[in-house]
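I opened this model to look up a few things for the notebook. I wanted rings, strands and the chain contacts.

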Amino acid sequence: MVKVNGNEMDIAGMTVSELLEKEGYKPEKVAVELDLEIVPKAQYSSCILKDGSSVEVVSFVGGG
Amino acid sequence: MENNDKLIIGGREFNSRFILGSGKYSLKLIEAAVKYAGAELITLAVRRANTKDHENILDYIPKGVTLLPNTSGARNAEEAVRIARLARELGCGDFVKIEIMRDTKYLLPDNAETVKATEILAKEGFVVMPYMYPDLNTARDLVNAGAASVMPLASPIGSNKGLATRDFIQILIDEIDLPIIVDAGIGRPSQACEAMEMGAAAVMSNTALATAGDLPMMADAFRKAIEAGRQAYLSGLGRVLVRGASPSDTLTGFLHD
């Protein structure tokens, strides 16, 4: 299982690109952190999610 | 009046001294808010992306406006650094407003953690704009840590209570050789004007606009107040008499000759 934004998902073996596409995230509008390390956009298609990993997908929202 | 009076932060020049927040109001109002505020810097927050939410704030911010992501939600330096790095990865520059709060009741910034985060992020090439409780020693630590400005609070975030920390902000303005940007708690244009008269380099406001009856109109009012306060500061305020009075016209006294 891989934790994505706090939710457990059965997606071990998928790449970051595949995860973003599956979940409907726009790659150009998000940043991805895998086990506390930023994943550069150029590595989305080669970075494979392992069992037990934790992924954060973030974007900008309004704030002060 | 010709405007050669630029605000310089991290080597970038700004004509506007009104930093606009983008929280707590409709994305559809952002363009009007930026326009009426005359803002060139706008703050944003970083949150877990929601796939169902197809609206993206970046689509609503006019081109040419510099983005200032904040680290709200961070409770310590480590979390603030994480958020700042993610914000930079979002690809909108390297400005960051550090905001670290341990306390959820008063939302007061943790000055010690803020200094730590400033040091780390400045070394990584960020233009660091730390939000802080107005304390001279902390401000000096922030200067040494590589901050690009110092952002003292006027009163608690979102309170619209105005310059509760007035005298301590004045000390920072007088002693710190970086732009002092009054952030948080400014509720009215008159308070923004007063901060600028004191010599603040800029004012940041969000809630005052978000909770106003007519947001774009209030943005316009703030812009005018900030410009007026800046002009007053640059022109040099007239002196205050400790006691007594001083006539504005020559007392010829002819009626009594």
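My entries follow, by topic.

**Ground rules**

I am working from a predicted model, in which local features need pLDDT of at least 70, side-chain atom pairs count only at pLDDT 80 or more, and totals for chains, interfaces and linings use all residues. Residues are numbered from 1 along each chain as its sequence is written, chains are lettered from A and ligands numbered from 1 in the order in which they are written, and side-chain values use heavy atoms, with hydrogens and water left out.

**Aromatic pairs**

How many aromatic pairs does the structure hold over all chains? I found two. I used this rule: rings of Phe, Tyr and Trp (its six-membered ring) pair if their centres lie within 6.5 Å; planes under 30 degrees apart count as stacked, over 60 as edge-to-face and the rest as tilted.

I looked at F14(B) and F95(B). Their ring centres are 6.3 Å apart and their planes stand at 90°, so I logged the pair as edge-to-face. F14(B) belongs to strand β2 (residues 12–14) of chain B and F95(B) to strand β6 (residues 95–98) of chain B. The two residues are 81 residues apart, and the pair links distant parts of the chain. Helices (H or I, at least four residues) and strands (E, at least two) are DSSP runs, numbered from the N terminus.

F14(B) counts as buried because its relative accessibility is 3%. F95(B) is buried too, at 3%.

Next I took F18(B) and F222(B). This aromatic pair is stacked, with 5.7 Å centre to centre and 20° between the planes. F18(B) is in strand β3 (residues 18–20) of chain B, and F222(B) is in helix α8 (residues 215–235) of chain B. They sit 204 residues apart, so I noted another link between distant parts of the chain. F18(B) counts as buried at 2% relative accessibility. F222(B) is buried, with a relative accessible area of 0%.

**Charges over rings**

I applied this cut-off: a charge sits over a ring if NZ of Lys or CZ of Arg is within 6 Å of the ring centre and within 35 degrees of the ring normal. R88(B) lies over the face of F126(B), 3.8 Å from the ring centre. K97(B) lies over the face of Y131(B), 5.3 Å from the ring centre.

**The sheet**

What is the strand order in the open sheet of chain B? I read β6-β7-β8, three strands with parallel pairing. Two strands pair if DSSP finds at least two bridges between them. The edge strands are β6 and β8 (151–152) of chain B, each pairing on one side only.

β6(B) and β7(B) pair in the parallel sense over four bridges. Across that pairing, K97(B) stands opposite M129(B) in β7(B). Strand β7 (residues 127–132) of chain B pairs with β8(B) over two bridges, also in the parallel sense. There, M132(B) has P152(B) in β8(B) as its bridge partner.

I then checked the side chains of β6(B). F95(B) and K97(B) point one way, V96(B) and I98(B) the other way, and all are buried. In general, side chains in a regular strand alternate between the two faces of the sheet.

**Chain B against chain A**

I counted contact as heavy atoms within 4.5 Å. 30 residues of chain B are in contact with 25 residues of chain A. The two chains bury about 2,300 Å² between them, 60% of it on carbon and sulfur atoms. Buried area is the accessible area (1.4 Å probe) that two parts lose on being put together, summed over both.

Which three residues supply more of chain B's buried area than any other three? They are R48(B), E89(B) and L90(B), with 28% of the area that chain B buries against chain A.

I count three salt bridges between chain B and chain A. The rule is a side-chain nitrogen of Lys or Arg within 4 Å of a carboxyl oxygen of Asp or Glu. One of them joins the side chains of E33(A) and R82(B) (2.5 Å, N to O).

**Loop residues**

T15(A) is in the loop between β2 (7–9) and α1 (16–23) of chain A. It counts as buried at 11% relative accessibility.

N5(A) lies in the loop between β1 (2–4) and β2 of chain A. Its phi is near 50°, a positive value in a residue other than glycine.

Terms used. Buried means under 20% relative accessible area, exposed over 50%, partly exposed in between (1.4 Å probe, protein chains only).
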